[in-house]
Amino acid sequence: MTFRMRTTGFIMIAFIASACLFAGAAEAEPQGKLTMFHAGSLTVPFAAMEKAFEAKYPGVDLQREPSGSSKAARKVSDLKKPCDIMASADYKVIDKLLIPNYANWNIRFATNQLVLCHTDKSKYAKEISADNWYKILERKGVVWGHSDPNLDPCGYRSLMVIQLAEKHYKTPGLYDKLLANRPMENVRPKSVELVSLLQTGNMDYAWEYLSVAVQHGLRYVMLPDQINLGNYKYDNLYAEAEVRVTGKKPGTFMNIRGKSCTYGVTLLKDAPNPDAALAFLAYMLDPEGGLKVLKDMGQPPFVPCRVPTAAMKATLPTPLQSLVEVKN
């Protein structure tokens with residue numbers, strides 16, 4: 001064998017070995033810690049998704065931090081905490097607090113509606129209905145609450161429902177009367193904290209998302225579509241409600257107008273583990289994956305999920321583009 005033949009052979013072997021290494025790297029499964037901040041109302045379905053995802057990718061450790069959506073966004077924008085994925089109960093939180101500095105896009109993936117939850121032990125539980133719930137909440141001795149509107153979309157949505165109810169039931173002053181019967185200690189950081197208060201009998205009624213009520217086996221009063229923030233066809237009516245909450249910077253405020261409940265999710269620009277994050281999002285937005293989990297747990301998903309413009313869709317990672325349509 002000549003020197004040229006031996007050299008050519010070594011080059012071919014090196015080339016084949018390099019190609020195999022490259023192919024192996026391209027097909028390597030995601031590894032390491034994956035951090036997600038998400039709305040408290042997503043805790044139960046995301047726990048189920050975590051179990052399924054980690055079974056598929058055992059090298060990934062998904063670590064979730066549930067909280068109010070606004071608080072979750074501020075962990076990124078104000079506290080600069082490392083995070084890969086942020087999922088909000090109100091997609092507008094991502095638009096207002098994270099885009100464009102911390103995220104490029106926002107996928108709308110599910111809907112919800114507000115309900116008034118209670119248990120068999122709640123005062124007047126046998127009497128309350130969609131027609132008289134607001135009269136029950138006015139009564140002395142009835143303990144009811146909602147989450148903090150500055151930290152949790154369910155909090156400001158609860159206030160919006162009551163504002164809309166004042167007009168719907170043609171009862172002037174209803175909003176002020178109800179809030180006068182709700183002490184500030186009944187306002188908690190996130191809506192799911194109210195579930196334990198209901199279950200232990202320390203609270204009679206609490207505003208929650210329908211999905212949370214279903215997942216925790218609570219009794220609940222369903223409200224008319226005109227006030228429950230669950231039907232996008234009434235968005236013009238919902239917009240008549242407005243709540244003032246804290247803004248991006250300390251000491252500032254912003255007004256939020258009512259709109260149907262729409263959840264959003266994004267991948268942070270400085271995600272520590274973008275490969276694992278992308279793998280999770282591809283699972284989460286799959287109609288046979290995470291979206292099926294949401295549907296089975298009483299939270300209607302968008303199938304396919306949505307972005308508002310073709311320009312935003314073009315910025316999505318390639319594996320997500322087929323799971324999303326352009327629809328405002």
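Modeller: The following dialogue goes from the whole chain to single residues. This is a predicted model, in which local features need pLDDT of at least 70 and side-chain atom pairs count only at pLDDT 80 or more, while totals for chains, interfaces and linings use all residues. Residues are numbered from 1 along each chain as its sequence is written, and side-chain values use heavy atoms, with hydrogens and water left out.

Colleague: How many helices and strands are there in the protein chain?

Modeller: Helices (H or I, at least four residues) and strands (E, at least two) are DSSP runs, numbered from the N terminus. The protein chain has 14 helices and 14 strands. Its C-alpha atoms fill a box of roughly 100 × 35 × 35 Å, taken along the principal axes.

Colleague: What percentage of the residues in the protein chain is buried?

Modeller: Buried means under 20% relative accessible area, exposed over 50%, and partly exposed in between, with a 1.4 Å probe and protein chains only. Of the 328 residues in the protein chain, 51% are buried.

Colleague: Which residues have the most contacts inside the largest nonpolar core?

Modeller: In soluble globular proteins, nonpolar side chains tend to be buried together. A nonpolar core is a set of buried Ala, Val, Leu, Ile, Met, Phe, Trp, Tyr and Cys residues joined through side-chain atoms within 4.5 Å. The largest one here has 99 residues, and those with the most contacts inside it are Ile-107, Phe-109, Trp-133, Trp-207 and Phe-280. Helix α6 (residues 153-168) gives the most to this core, with eight residues.

Colleague: In what order do the strands of the open sheet lie?

Modeller: Two strands pair if DSSP finds at least two bridges between them. The open sheet has seven strands in the order β2-β1-β3-β12-β4-β13-β14, with mixed pairing. Its edge strands are β2 (60-67) and β14 (324-326), each of which pairs on one side only. Within the sheet, strand β4 (residues 107-111) and strand β12 (residues 262-267) run antiparallel and are joined by four bridges. Ala-110 has Tyr-263 of β12 as its bridge partner.

Colleague: How many residues lie between the strands in the hairpin of β10 and β11?

Modeller: There are six residues between them, and Gly-251 in this hairpin takes a positive phi near 85°. Strands β10 (residues 242-246) and β11 (residues 253-257) run antiparallel, joined by five bridges. Thr-246 stands opposite Phe-253 in β11.

Colleague: At what angle do helix α2 and helix α11 pack?

Modeller: Two packed helices are described by the angle between their axes and the distance between the axes. Axes are lines fitted to C-alpha atoms, for helices over the stretch in contact, and angles run from 0 to 180 degrees between N-to-C directions. Helix α2 (residues 43-56) and helix α11 (residues 274-284) pack at about 115°, with their axes 11 Å apart. Therefore α2 is roughly perpendicular to α11; angles under 35 degrees count as roughly parallel, over 145 as roughly antiparallel, 65 to 115 as roughly perpendicular and the rest as oblique. Contact means heavy atoms within 4.5 Å. On α2 the contact is made by Phe-46, Met-49, Ala-52 and Phe-53, and on α11 by Ala-276, Ala-279, Phe-280, Tyr-283 and Met-284.

Colleague: Which residues other than glycine have a positive phi, and where are the cis peptide bonds?

Modeller: Most residues other than glycine have a negative phi, and most peptide bonds are trans. Tyr-124 has a positive phi of about 65° although it is not a glycine. This residue is in the loop between β5 (114-118) and α5 (133-138), and at 36% relative accessibility Tyr-124 counts as partly exposed. Leu-229, with phi near 60°, is another such case. Leu-229 lies in the loop between β9 (219-222) and α10 (235-238) and counts as buried, at 0% relative accessibility. As for the peptide bonds, the one from Ile-99 to Pro-100 is cis, with omega near 10°, and Pro-100 lies in the loop between α4 (91-97) and β4. A cis peptide bond also joins Val-303 and Pro-304, with omega about -5°; Pro-304 has its place in strand β13 (residues 301-307).

Colleague: Is Pro-172 buried or exposed?

Modeller: Pro-172 is exposed, with a relative accessible area of 70%. Pro-172 lies in the loop between α6 and α7 (174-180).
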